[in-house]
Amino acid sequence: MALSNTIALQSFDAGVDLSAKKNYLIALNSSGKAILSSVNARIDGVLQNNPVSGEVASLATVEGTIVKCVASAAITLGDNLAAVATGKVKTAASTNEIIGKALEAATADGDLISVLFKHAGAEA
């Protein structure tokens with residue numbers, strides 16, 4: 001069973017249909033609307049609900065929060081994680097932006113795992 005904790009959420013308008021994307025990585029577009037993240041792109045949070053376009057998207061955004069994420073492939077417990085183009089997570093390569101650490105293993109694409117979230121969207 002995936003681990004999680006009580007988290008503070010921030011709300012943004014969904015810029016696209018995210019109704020089947022709970023627990024996916026989200027970025028904010030140039031209009032400040034929530035969309036799926038892409039490879040090595042800014043990550044603004046992890047989606048915690050299922051909004052359609054124009055509805056409120058609730059994002060976990062706080063670094064150090066334990067969140068559930070959808071794996072894109074097998075992942076080993078303790079792996080550093082990165083985003084893939086579909087908003088899922090994968091084991092990070094040396095060239096990837098680290099978005100978190102796997103607190104559970106995944107055996108296949110679509111597995112839901114607990115992740116210690118690193119807010120990759122933070123800017124100096």
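Strand β4, residues 45-47, pairs with β5 in the antiparallel sense over two bridges. Strands here, like helices, are DSSP runs numbered from the N terminus, with at least two residues of type E for a strand and at least four of type H or I for a helix. Two strands count as paired if DSSP finds at least two bridges between them. Within this pair, V46 stands opposite A60 in β5.

A word on the source: this is a predicted model, in which local features need pLDDT of at least 70 and side-chain atom pairs count only at pLDDT 80 or more, while totals for chains, interfaces and linings use all residues. Residues are numbered from 1 along each chain as its sequence is written, and side-chain values use heavy atoms, with hydrogens and water left out.

Back to β5. Strand β1, residues 9-13, is joined to β5 by five bridges, and the two run antiparallel. F12 has A57 as its bridge partner in β5. How many of the five residues of β5 are buried? Four are, so the strand, residues 56-60, is largely enclosed by the rest of the structure. Buried means under 20% relative accessible area, exposed means over 50%, and partly exposed lies in between, using a 1.4 Å probe and protein chains only.

Next, the open sheet. Five strands form it, in the order β6-β10-β9-β7-β8, with antiparallel pairing. The edge strands are β6, residues 66-70, and β8, each of which pairs on one side only. From one strand to the next the twist averages 50°. For that angle, axes are lines fitted to C-alpha atoms, for helices over the stretch in contact, and angles run from 0 to 180 degrees between N-to-C directions. Inside the sheet, β7 and β9 run antiparallel and are joined by two bridges. N80 has K101 as its bridge partner in β9.

Now A71, which sits in the loop between β6 and β7. Is A71 buried or exposed? It is buried, with a relative accessible area of 0%. Leaving aside neighbours within four places in sequence, A71 is in contact with K88, V89, A106, A108, D109, G110 and D111. Contact means heavy atoms within 4.5 Å. The C-alpha atoms of A71 and L81 are separated by 9.5 Å, with the two residues 10 apart along the chain.

A salt bridge is a side-chain nitrogen of Lys or Arg within 4 Å of a carboxyl oxygen of Asp or Glu. How many does a search of the whole structure find? It finds three.

One of them joins the side chains of D109 and K88 at 2.7 Å, N to O. This pair links distant parts of the chain, 21 residues apart: D109 is in the loop between β9 (100-102) and β10 (112-117), and K88 is in the loop between β7 (80-83) and β8 (89-91). D109 is partly exposed at 47%, whereas K88 is buried at 14%.

Another is formed by E97 and K118, with the closest N and O atoms 3.6 Å apart. E97 lies in the loop between β8 and β9, and K118 in the segment after β10, 21 residues apart. E97 is partly exposed at 35%, and K118 is partly exposed at 30%.

There is also R42 with D44, whose side chains meet at 2.7 Å, N to O. R42 is partly exposed at 37%, while D44 is buried at 6%.
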